[in-house]
Amino acid sequence: MTETVTMTEAEVAELAFTALTGAGAREDQARALARAVAAAEREGISSHGLAYLPTYCEHLSCGKVDGQAEPRLERTAPGAVRVDAACGFAHRAIEIGFESLLPLAREQGIAALSLHNSYNCGVLGYHVAQLAAGGLVGLGFTNAPASIAPAGGKAPVLGTNPFALAVPGSGGEADFVIDQSASVVAKSEVVMRARAKEPIPEGWALDTEGRPTTDPAVGLKGSMVPSGGYKGFGVALLVEVMAAALSGATLGIDASPFSGSSGGPPRTGQFFIAIAPASFSGALFTERLTGLRRAIETQENAHLPGSRRAAMRARTDAHGIPVAGHIHAAAAALARDPAGT
């Protein structure tokens with residue numbers, strides 16, 4: 001088997017779509033998620049690309065995700081949209097919510113969307129970038145099963161709980177995207193190392209007694225290290241308030257794991273805020289952003305958040321997406337036989 005297989009974004013999406021529909025997902029549920037899987041591969045975020053496809057298919061078969069779910073949308077106030085994801089994939093529920101969120105934000109200047117009974121939304125920056133592509137400032141929050149202990153504690157209370165910000169640029173794309181978890185590293189990175197039986201750097205995770213570990217399996221039983229110590233836990237708490245308490249979703253301490261087949265649907269949540277810049281600062285918004293970008297990029301070795309992902313997009317657009325041979329083989333096998341019979 002070759003070390004890597006070079007694919008186009010469309011080929012990655014079609015491979016994922018075939019596997020997901022074969023595992024029991026409705027076409028609209030599968031298509032929304034498949035596009036996100038392909039986008040992750042395009043940006044070099046392999047942990048949320050085809051490598052995660054076996055987990056998605058497993059969760060369809062064991063009932064953690066309802067592949068036939070039909071998200072339900074309601075307007076609860078002039079600028080408020082609420083979506084019940086109905087235990088389906090978060091991606092389709094977010095798409096449905098955005099169909100109402102974008103026009104509302106443009107009309108009113110600001111609008112918000114909450115989702116509950118949801119699932120892992122993958123790369124959060126992928127979603128807010130769509131708001132920025134629509135000319136809006138996008139801010140997103142998503143909670144996850146508990147994996148971070150509070151400062152001074154040992155038992156996980158909050159998830160890695162990322163937040164993301166995207167601002168509109170020219171050409172219908174985001175000018176830049178901030179996408180970061182409250183932990184030093186996304187938990188999916190530790191899961192990938194555990195599957196590959198590779199050690200993790202010290203400072204990523206702690207064991208059940210709160211001691212540093214380089215064993216990913218031990219770290220997964222313990223807790224993730226918050227970024228910036230107690231400040232990272234504060235960020236995770238902020239996200240929990242927005243994505244769980246405010247949306248009415250399940251708290252991380254009560255959510256079933258995103259990995260494995262036990263526990264039923266996690267029923268976590270997301271929260272998005274969309275802002276029309278012209279309603280608040282007019283042309284000054286672009287002027288201020290230009291000044292910020294200049295102040296950062298004129299410094300040697302400095303770069304904007306998300307610049308690595310942007311560079312990877314340009315590279316894969318030009319040369320194709322390199323997919324590890326064993327990951328491609330596993331995805332292709334799922335596409336042929338999702339049940340693994």
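**Strand pairing, burial and backbone geometry in a predicted model**

Strand β5 is joined to strand β6 (residues 163-168) by 4 bridges, and the two run antiparallel; strands here are DSSP runs of E with at least two residues, helices are runs of H or I with at least four residues, and both are numbered from the N terminus. Two strands are taken as paired if DSSP finds at least two bridges between them. The model is a predicted one, in which local features need pLDDT of at least 70 and side-chain atom pairs count only at pLDDT 80 or more, while totals for chains, interfaces and linings use all residues. Residues are numbered from 1 along each chain as its sequence is written, and side-chain values use heavy atoms, with hydrogens and water left out.

Strand β5 is mostly covered, with 5 of its 6 residues buried (buried, under 20% relative accessible area; exposed, over 50%; partly exposed, in between; 1.4 Å probe, protein chains only).

A further group of strands forms an open sheet of 3 strands in the order β9-β8-β10, with antiparallel pairing. Strands β9 (212-213) and β10 (223-224) are at the edges and have a single partner strand each, so one side of each lacks a neighbour in the sheet. Strand β8 (residues 205-206) is connected to β9 by 2 bridges in an antiparallel arrangement, and Ala 205 faces Thr 213 in β9.

At the level of the whole protein, 11 helices and 12 strands are present. The radius of gyration is 20 Å, which agrees with the value near 20 Å for a compact globule of 341 residues; the radius is taken over C-alpha atoms, and the globule rule is 2.2 Å times the number of residues to the power 0.38. The C-alpha trace spans about 55 × 45 × 45 Å along its principal axes. Of the 341 residues, 47% are buried. Among contacts (heavy atoms within 4.5 Å) with a separation of 6 or more, 66% are between residues 24 or more positions apart.

Strand β4 (residues 110-118) contains Ser 114, which is buried at a relative accessible area of 6%. Residues up to four places away in sequence aside, Ser 114 touches Val 81, Arg 82, Val 83, Ser 247, Gln 270 and Phe 271. Asn 117 is likewise found in strand β4. Asn 117 has a positive phi of about 50° although it is not a glycine, and at 18% relative accessibility it counts as buried. Most residues other than glycine have a negative phi.

A positive phi, near 60°, also occurs at Ala 86, a residue other than glycine. Ala 86 is situated in the loop between β3 (80-84) and α4 (90-108) and is buried, with a relative accessible area of 17%.

Asp 254, by contrast, is exposed, its relative accessible area being 55%. Asp 254 lies in the loop between α8 (230-245) and β11 (268-275). The C-alpha atoms of Asp 254 and Pro 145 are 7.3 Å apart in space, although the two residues are 109 residues apart in sequence.
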